[in-house]
Structure formats: structure tokens, C-alpha cells
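Trainee: I have a new structure on my screen, and I would like to walk through it with you. Could we take it one question at a time?

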Amino acid sequence: MSKEKLTRLRRAIDRIDQKILSLLNDRARIVQKIGSFKKETSDEFYSPNREKKILERLKSLNKGPFPNHAVPVVFKEIFSASLAMQAPMKVAYLGPAATFTHVAALRHFGRSAELVPQGSIAKVFEEVEHSRAEFGVVGIENSTEGVVGQTLDQFLSATLKISAEITLPISHHLMARASLRSGEIRRIYSHPQAVGQCREWLEENCPDAMIREVESTAAAAQRAAEEKGSAAIASEYAAELYNLKILKRSIEDHPNNFTRFLVIGRKVMSPSGHDKTSLLFSVKDEPGILYKMLEPFSRAGINLTKIESRPLARLKSGRLPLGKWEYIFFLDIEGHQKETKIQKAIRALELKCHFLKVLGSYPKSS
């Protein structure tokens with residue numbers, strides 16, 4: 001290709017970029033009008049069901065060659081900037097910066113939201129319950145390590161609702177100072193779940209290193225940046241933030257490693273057409289209880305996507321709503337709580353329960 005042709009193509013890209021910028025400003029002016037209307041009518045500014053519909057429509061319209069997986073990434077940032085124009089959005093998350101929860105919050109809310117790190121899952125719930133943040137982001141389960149008990153614990157006493165879910169592929173990287181070689185590693189820091197997800201790799205490749213668990217993968221990266229002979233297992237974003245060199249990428253034992261996060265808020269989301277509803281309830285441990293529990297959903301033809309049982313003795317909170325029972329169940333079903341068949345099934349289940357709480361209905365993540 002001649003330099004003259006390359007120059008012409010680059011000028012064509014410049015002209016297209018100018019058109020994109022002009023269209024973004026046209027969109028922003030309409031967003032401002034919508035924001036003024038919502039202020040007058042007290043409508044919600046953040047609408048994950050609306051965003052879900054827009055993204056699904058755009059992906060179906062995309063003919064390429066622009067990759068379809070990149071469409072949500074681009075438009076999430078447009079949504080984020082638009083929302084910031086209407087009303088500043090404060091989102092609490094389990095920090096510090098560069099944790100996987102932070103990455104999930106960035107992916108969902110974009111960089112125009114004000115993301116505020118908190119020291120614990122309990123603090124995230126507290127910030128949202130006391131209206132110091134509009135929303136919070138917390139982990140609920142990992143495909144390898146299972147459910148996050150601290151989150152279930154908080155839902156027992158919290159009045160908050162689930163507004164959305166985020167499914168994030170998790171890739172763990174071994175990182176350290178640029179001057180440190182793999183054979184010189186004496187300590188490896190990480191969060192307990194990250195250690196568990198990389199256990200086989202660590203035993204095979206770093207048998208002599210001391211594994212030290214810390215409160216987050218970001219804290220691990222910070223330790224590795226400060227201490228000689230130390231490495232961390234953390235995200236690529238953590239390596240960038242703490243100026244660490246990635247010594248080995250993707251050391252997780254199972255390649256299909258995903259973590260599911262929940263967005264928590266104070267209001268019930270309206271239906272999107274592709275929703276999920278989460279329930280938390282308690283029953284006594286007795287013969288046939290599992291069948292009795294699931295029967296209302298089976299009769300109504302409602303698909304169950306997750307059921308998790310957890311002994312109450314394992315829960316740390318003493319703030320149980322109605323007393324102590326033997327098991328707490330966390331259940332996900334397809335559909336929205338405003339649907340008639342969902343309401344009937346929940347009422348039938350409630351008759352068999354000591355305690356039942358609908359945690360929210362929200363758009364299913366892609």
C-alpha cells in the first residue's frame with residue numbers, strides 16, 4: 001500500500017470520527033431533555049432493563065466487521081456518560097481499587113460513575129441502605145469456589161433489592177516487581193478465593209513459596225509492589241495500577257472461571273422481558289422438603305437456574321429476621337416477580353416456609 005493511499009484512508013477515518021462525535025453530541029442533547037423530564041416526573045434515571053433492551057437490539061443489528069462482543073463495551077461507556085449528565089451516580093463496591101469487584105463495577109456502570117471503594121461487603125450494603133450511594137456491587141458466587149456467604153448473610157437483614165447482575169470472566173495473573181524473577185519469589189499474596197482457584201498451578205509451579213491470604217487481590221498487588229521477594233495473584237488492572245510485571249498469565253486451574261456479581265439498590269426494577277428473580281427462604285430440615293419446596297415452580301413451568309442451601313450455623317450474622325432455623329436457601333428463577341405465575345408460585349412456596357424474602361427481579365446478564 002502506498003503512503004498516499006494510507007493517508008487517504010486515515011483522512012476517511014478522521015471524517016467518520018467527526019461524524020461519530022457529532023452524533024454523540026446530538027444524542028447527549030436528547031439525553032439532557034430526557035433528564036429534565038425525569039426530574040419533573042421523579043422517574044428513575046438508571047434503568048438496567050432499558051439498557052439491556054438497547055444492547056440486545058444493537059447486537060442484533062450489527063452486521064460487522066465491528067465485533068459484536070465490543071458493542072456493549074462501547075455503548076456502556078456512552079450510557080455511563082449520559083447518566084452522569086442526568087444525575088451523578090455514586091456506586092459502592094468491595095475495594096480497594098483494582099479488585100475484581102471494581103472491574104465488574106467499571107464494566108457495568110462505566111467510567112463516568114463515581115465508584116467508591118468499601119472495606120467490606122457489609123459496608124457496601126450500609127452505604128446503599130443509608131442512601132450514601134445509589135447502588136452497590138457485591139460478589140455472590142464463583143463457578144469454582146461457590147457462593148459468597150457474606151453476601152447471603154447481609155441479605156438476611158437488609159432491605160435492599162437486586163437491581164442487576166454482572167457475569168465476569170475471571171483470569172488470575174501472577175505478578176511482581178519488574179526486577180523479580182519467578183525463581184526468586186518467596187511469598188505470594190492473594191485473596192482466599194483466588195488462591196483456591198489457582199491451587200493446583202501453585203502447587204506445581206511455586207511449591208516453595210509461602211502463600212499468604214489477604215483481604216483482596218488488590219491488596220495483594222499492593223503488598224507485591226512494596227515488598228522484596230513478593231508476588232501477587234490479581235487482575236491485569238491491578239498490575240497496571242500498581243506498576244507490576246505479569247510473570248505468568250491465566251494461572252487459574254479451570255479456564256471457564258466466572259464470578260457473578262450483584263448490583264444492589266433500594267427499588268424493584270421493572271420487567272425487561274428477559275429477567276431473573278432471586279429468593280431467600282428458610283425451612284426445617286425434614287424428609288421430602290426439597291421436593292415440596294420446588295413443586296410450585298415445577299407445576300407452573302418455571303425454570304430454576306440456581307439453588308443453594310446454607311446451614312444457618314455457617315452464617316456469621318446474628319440478625320436473623322424471625323429466629324434460628326436449620327437451613328437458608330438461595331434460589332434463582334427465570335421470570336419477573338410481577339408475572340402472575342411467578343407470584344402464585346412464590347405464594348405457594350411461602351406457605352411451606354418459616355421465612356421468605358424476594359430479593360429482586362432484574363435483567364439476566366449476557
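Predicted model: local features only at pLDDT ≥ 70, side-chain atom pairs only at ≥ 80, totals over all residues.

Trainee: How many helices and strands does the protein chain have?
Mentor: Helices (H or I, at least four residues) and strands (E, at least two) are DSSP runs, numbered from the N terminus. The C-alpha trace of the chain spans about 75 × 60 × 35 Å along its principal axes. Within it, the secondary structure comes to 12 helices and 15 strands.

Trainee: What percentage of the residues of the protein chain count as buried?
Mentor: Buried means under 20% relative accessible area, exposed over 50%, and partly exposed in between (1.4 Å probe, protein chains only). The protein chain has 366 residues. Of these, the buried part is 47%.

Trainee: What share of the contacts with a separation of 6 or more joins residues 24 or more positions apart?
Mentor: A contact means heavy atoms within 4.5 Å. Among contacts in the protein chain with a separation of 6 or more, residues 24 or more positions apart account for 78%.

Trainee: Which element gives the largest share of the lining of the largest cavity?
Mentor: On a 1 Å grid over the protein atoms alone, a cavity is a set of points where a 1.4 Å probe fits but cannot get out, while a pocket is an open set with protein on both sides within 12 Å along at least five of seven lines; lining residues have an atom within 4 Å of a point. Grid points are joined across faces, edges and corners, and a volume is the space filled by probe spheres set on the points. The largest cavity holds about 50 Å³, and its lining is Tyr 46, Glu 51, Lys 76, Phe 79, Ser 80, Leu 83, His 108 and Phe 109. Two or more of the lining residues come from each of α3 (70-86) and α4 (100-109), and the largest share, 4 residues, is from α3.

Trainee: Which residues lie nearest the centre of the largest pocket?
Mentor: The largest pocket has about 1100 Å³ of space. Its lining has 16 nonpolar (Ala, Val, Leu, Ile, Met, Phe, Trp, Tyr, Cys and Pro), 12 charged (Asp, Glu, Lys and Arg) and 9 polar residues (the others, Gly among them). Of its 37 lining residues, those nearest the centre are Val 73, Arg 107, His 108, Ile 166 and Leu 168.

Trainee: Which element gives the most to the lining of the second largest pocket?
Mentor: This pocket has about 810 Å³ of space. Its lining counts 10 nonpolar, 19 polar and 8 charged residues. The element that gives the most, with 4 residues, is α6.

Trainee: Is the pair of Phe 109 and Phe 135 stacked or tilted?
Mentor: Rings of Phe, Tyr and Trp (its six-membered ring) pair if their centres lie within 6.5 Å; planes under 30 degrees apart count as stacked, over 60 as edge-to-face and the rest as tilted. The whole structure has 4 aromatic pairs. For Phe 109 and Phe 135, the centres are 6.0 Å apart and the planes are at 35°, so the pair is tilted.

Trainee: How many residues apart in sequence are Phe 281 and Phe 329?
Mentor: Their aromatic pair is stacked, with 5.6 Å centre to centre and 15° between the planes. Phe 281 lies in strand β12 (residues 275-283) and Phe 329 in strand β14 (residues 327-334), so the pair ties together parts whose separation in sequence is 48 residues.

Trainee: Which cysteine has the sulfur nearest to that of Cys 198?
Mentor: A disulfide is a pair of cysteine sulfur atoms within 2.5 Å, and the structure holds 0 of them. Cys 198 is buried, with a relative accessible area of 0%. The nearest cysteine sulfur is 10 Å away and belongs to Cys 206.

Trainee: Which residues does Asn 49 touch, leaving out those up to four places away in sequence?
Mentor: Asn 49 sits in helix α2 (residues 48-61) and counts as buried at 7% relative accessibility. With residues up to four places away left out, Asn 49 touches Ser 270, Pro 271, Ser 272 and Pro 363.

Technical notes
Residues numbered from 1 in each chain as written. Heavy atoms only, no water.
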